[in-house]
Amino acid sequence: LRQLQSAERSEQQAADREAERRRKKEKDHVREVARLASPTIQYVHIRPPEPEKLRVLYLTANPGLDLRTDAEVRQVQQALRGAKYRELVDVQQRPAATFQDLLDGLNDERPHIVHFSGHAGGQGVQFDKGHLDQGIGEMVGFDLLVEALGATDHPPQLLVLNACDTLEGAEVILPAVPVVVAMSDAVLDAAAILFAAQFYAAIAAGQSVGSALSQGKV
């Protein structure tokens, strides 16, 4: 009888151990299913994108050495230093600019604004010819200028012709550039300098092109 009871107890203990093992296995399975069903969330700090700078390709041509184009650029840079969003305007000057400088500037800088400061009149603007001799320039017609401005994957959005009698060329250039600022008459050197400085000061203050043009005229 004792042997029978001992055998029964052993069988019961074995059954209890097996049941406990199954319960543990089931609990482990439930926990694993719960873990897999719950997504793991990791938070990664992503810096917001930096605002894109307004890129200005500033072409100055003065083959006759009779214009203060360097003074104009200096006044523009000084005006930008005092503007609210000065860090968001990048001016890249090409002094004694040739027509090739325009093409290279379009490729290298991908400017939003192309600014030309120099002589003009009639049917085009006068670029430098890259010679050391004074007075040697190259007249580039508006028809060729518009072809150059359009011969890029990233054409400028604004062209500023800070030169005398360029309004006629604006109509020719508008198919390639959506906004053109040009002069309807002769403009004095000092007036051209003051216009450019205030125009870019207003742009760097967040004003629209229209308002910047009005401020430059004032």
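In this predicted model, serine 117 stands opposite asparagine 162, a residue of strand β7. The two strands involved here are β3 and β7, the latter made of residues 158-162, and they pair in the parallel sense over 5 bridges. Strand β3 also has a pairing with strand β1 (residues 54-60), again in the parallel sense and over 5 bridges, and within that pairing tyrosine 58 has histidine 115 of β3 as its bridge partner.

Strand β3 itself, which covers residues 113-117, is mostly covered, with 5 of its 5 residues buried.

The model holds 5 aromatic pairs, and one of them joins phenylalanine 99 and phenylalanine 127 edge-to-face, at 5.9 Å centre to centre and with 80 degrees between the planes. Because phenylalanine 99 lies in helix α3 (residues 99-109) and phenylalanine 127 in strand β5 (residues 124-128), this pair ties together parts that are 28 residues apart in sequence. Both phenylalanine 99 and phenylalanine 127 are buried.

Phenylalanine 127 also pairs with phenylalanine 116, and because their ring centres are 5.2 Å apart and their planes stand at 55 degrees, this pair is tilted. Since phenylalanine 116 belongs to strand β3 and phenylalanine 127 to strand β5, the pair ties together parts that are 11 residues apart in sequence. Elsewhere, Tyr58, Phe195, Phe199 and Tyr200 form one aromatic cluster.

Key:
Residues are numbered from 1 along each chain as its sequence is written. This is a predicted model: local features need pLDDT of at least 70, side-chain atom pairs count only at pLDDT 80 or more; totals for chains, interfaces and linings use all residues. Side-chain values use heavy atoms; hydrogens and water are left out. Buried means under 20% relative accessible area, exposed over 50%, partly exposed in between (1.4 Å probe, protein chains only). Helices (H or I, at least four residues) and strands (E, at least two) are DSSP runs, numbered from the N terminus. Two strands pair if DSSP finds at least two bridges between them. Rings of Phe, Tyr and Trp (its six-membered ring) pair if their centres lie within 6.5 Å; planes under 30 degrees apart count as stacked, over 60 as edge-to-face and the rest as tilted.
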